[in-house]
Amino acid sequence: MELGMAAEELKAVVNRLRRAQGQIAGVIKMIEEGRDCEEVVTQLAAASRALDKAGFAVIATGLQRCLTDPEMASDEDRDQMRARLEKLFLSLA
């Protein structure tokens with residue numbers, strides 16, 4: 001299944017991933033500096049949420065595409081795509 005995202009959707013996902021990348025870099029620095037455990041965990045949780053949101057955005061786009069793509073007209077194709085998207089969704093849960 002190809003990504004096939006519109007430019008604006010792709011930009012939003014990339015922005016989320018860049019934000020998570022910055023948060024992870026910050027967490028690494030905090031650990032290296034011996035910062036408070038609670039602060040580290042709080043920032044790590046924020047990075048995790050950012051990654052999850054990016055993943056869910058990709059899956060939602062795939063689901064929308066599956067439902068609106070005329071090439072996915074047959075029930076068998078839709079069922080296969082649904083199963084693949086469900087598996088992806090559950091991998092983030």
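The model is predicted. The protein chain contains three helices and zero strands, and from the N terminus on its elements follow the order α-α-α. Of the 93 residues in the protein chain, 22% are buried.

**Overall chain**

- The protein chain exposes about 6,800 Å², of which carbon and sulfur atoms supply 56%.
- When contacts between residues at least 6 apart in sequence are considered, 62% of them join residues at least 24 apart.

**Helix α1 and its end**

- Helix α1 covers residues 7-32.
- The 26 residues of α1 should span 38 Å at 1.5 Å a residue, and this agrees with the 37 Å that separates its end C-alpha atoms.
- Gly-34 follows α1 and has a positive phi, near 75 degrees.

**Buried positions of α1**

- The buried residues of α1 are Val-13, Ala-20, Gln-23, Val-27 and Met-30.
- An α-helix has 3.6 residues a turn, so residues three or four places apart point the same way.
- Gln-23 has a relative accessible area of 19% and is therefore classed as buried, the cut-off being under 20%.
- Beyond residues up to four places away in sequence, Gln-23 touches Ala-46, Ala-47 and Ala-50.

- Leu-51 is located in helix α2, which comprises residues 37-68.
- With a relative accessible area of 39%, Leu-51 is partly exposed, because this class lies between the buried limit of 20% and the exposed limit of 50%.
- Leu-51 is in contact with Leu-17, Ala-20 and Ile-24, once its neighbours within four places in sequence are left aside.
- One of these contact partners, Ala-20, is among the buried residues of α1.
- The C-alpha atoms of Leu-51 and Val-13 are separated by 9.2 Å, although the two residues are 38 residues apart along the chain.

**Nonpolar surface patch**

- Leu-17, Ile-24, Ile-28 and Leu-51 form a nonpolar patch on the surface, and together they have about 310 Å² of accessible area.
- Helix α1 gives the most to this patch, with three residues.
- Ile-28, one of the patch residues, lies in helix α1.
- The relative accessibility of Ile-28 is 45%, so Ile-28 counts as partly exposed.

Notes:
Residues numbered from 1 in each chain as written. Predicted model: local features only at pLDDT ≥ 70, side-chain atom pairs only at ≥ 80, totals over all residues. Heavy atoms only, no water. Helix = DSSP H or I, 4+ residues; strand = E, 2+ residues; numbered from the N terminus. Buried < 20%, exposed > 50% of the residue type's maximum accessible area, 1.4 Å probe, protein only. Contact = heavy atoms within 4.5 Å. Areas by Shrake-Rupley, 256 points an atom, 1.4 Å probe, with all protein chains shown as cover. Expected span 1.5 Å × (residues − 1). Patch = residues over 30% accessible without salt bridge, like charges linked within 9 Å, V, L, I, M, F, W, Y side chains within 5 Å. Salt bridge = Lys/Arg side-chain N within 4 Å of Asp/Glu carboxyl O.
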